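Please consult the sequence and the structure shown below alongside the text.

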Amino acid sequence: MRQFTAVVNPTAGGATSAAALLGVARLLREAGAGLETEYSRSLAHARELARAAGERGRVVLAVGGDGMAGAIGGALSGTGTTLGLVPAGRGNDFARALSLPTAPDALAEVLLHHEPRPVDTVEVVSAVHERTVVLGSVYAGVDALANRHANRSRLLRGTASYYAGALRAVTTWRPPRYRVTVDGREHAFSGYTVVAANSGYYGFDRRIAPDARVDDGLLEVVMIHHAPRLLFFALMNELATGAHVHRPQVRIARGTEVRIEADRPIPYGADGEVEAEVPVTARVLPGALRVLC
């Protein structure tokens, strides 16, 4: 029977994470599985806890949203440790890409009895050569700016902060001149964002890259060119279905390595966490992580 270590951040959506874990924990223990819980102080601490649990041969459960899943999944990438996800965040986009169930009984069945599946991870290297590994996507542009505004909001919380942050970001956005290099081929344009997607979803169930697959060894690179703001808002609404990819303002490339540069400093983010400013390089690590799904 599997032995699990659940890593929870009690300061970031702690009540939601605890509730999600409780529903699954009872079922795991009733089935005879071992389960211990570790509480992290930060994403960096969560990575340390996950690596330590993996070294003891335990299955690591990332309890939270995409930030927690990305941090722990990145820490376990290439180690051979098996990862399980207990979705408890606002977006849960990587869990959605894996078609993970949300009902506790169905999720417990996956964690107890399904075999690990190898999935790709993404190595991210910043301008100062700092390296991290994430699961879902790297995005540079108005979406990262919106996320930054939302994270800094003091008056609004949850989904409301993201809607307000997105509106503020779009209405003040000045399109930079991008230079995006995908496996040596350069794309130059002015626009709103570049998303190097391992998962097809980002930003609360938005299908930014409908054809992206987590196990194909490729990144789907979505480039949204400049458009009038009203058209851009219409395009954003189409993210719910993936229909935006048919717009002439959207270009898509595929590759194993993506370099994103711009003619002025713009923020980039990865798995819901805003990291720094471009330039940034994203490289796919094929089959580097074992996930129960």
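Is Arg131 buried or exposed? Arg131 is exposed, because its relative accessible area is 54%; buried means under 20% relative accessible area, exposed over 50%, and partly exposed in between, with a 1.4 Å probe and protein chains only. The model is predicted, so local features need pLDDT of at least 70 and side-chain atom pairs count only at pLDDT 80 or more, while totals for chains, interfaces and linings use all residues. Residues are numbered from 1 along each chain as its sequence is written, and side-chain values use heavy atoms, with hydrogens and water left out.

**Salt bridges**

The structure holds 14 salt bridges, a salt bridge being a side-chain nitrogen of Lys or Arg within 4 Å of a carboxyl oxygen of Asp or Glu. Three of these pairs are listed here.

| Pair | N to O distance |
|---|---|
| Arg131 and Glu123 | 2.4 Å |
| Arg247 and Glu238 | 2.8 Å |
| Glu257 and Arg283 | 2.9 Å |

Helices (H or I, at least four residues) and strands (E, at least two) are DSSP runs, numbered from the N terminus. Glu123, Arg131, Glu257 and Arg283 are linked in a network of salt bridges. Arg247, which pairs with Glu238, is partly exposed with a relative accessible area of 24%.

Asp120 lies in strand E5 (residues 116-126). Asp120 is buried yet has no salt bridge, and the nearest side chain of opposite charge, that of Arg117, is 8.6 Å away; in this count Lys and Arg are positive and Asp and Glu negative, with His and the chain ends not counted. A polar atom of the Asp120 side chain lies 2.7 Å from the backbone nitrogen of Gly217.

**Nonpolar residues**

Leu28, in helix H1 (residues 14-30), is buried, with a relative accessible area of 0%. Apart from neighbours within four places in sequence, Leu28 is in contact (heavy atoms within 4.5 Å) with Phe4, Ala33, Leu61, Ala108, Leu111 and Leu112. Leu28 and Glu109 are 81 residues apart in sequence, and their C-alpha atoms are 8.6 Å apart in space.

Leu167, in helix H7 (residues 158-172), is partly exposed at 49% relative accessibility. Together with Leu230 and Phe233, Leu167 makes a nonpolar surface patch of about 320 Å². Patches are made of residues with over 30% relative accessible area and no salt bridge, like charges being joined within 9 Å and nonpolar side chains (Val, Leu, Ile, Met, Phe, Trp, Tyr) within 5 Å. Accessible areas come from the Shrake-Rupley method with a 1.4 Å probe, and for residues only the protein chains shown count as cover.

**Backbone features in loops**

A cis peptide bond joins Val278 and Pro279, with omega about 15°; Pro279 is in the loop between strand E14 (273-277) and E15. Ser99, a residue other than glycine, has a positive phi near 60°. Ser99 is placed in the loop between helix H4 (93-97) and helix H5 (104-113) and is exposed at 63% relative accessibility. Asp183, also not a glycine, has a positive phi near 50°. Asp183 lies in the loop between strand E8 (177-182) and strand E9 (185-197) and is partly exposed at 45% relative accessibility.

Terms used
A polar contact is a pair of N or O atoms within 3.5 Å; within protein, one must be able to donate a hydrogen and the other to accept it, and residues adjacent in sequence count only if both atoms are side-chain atoms.
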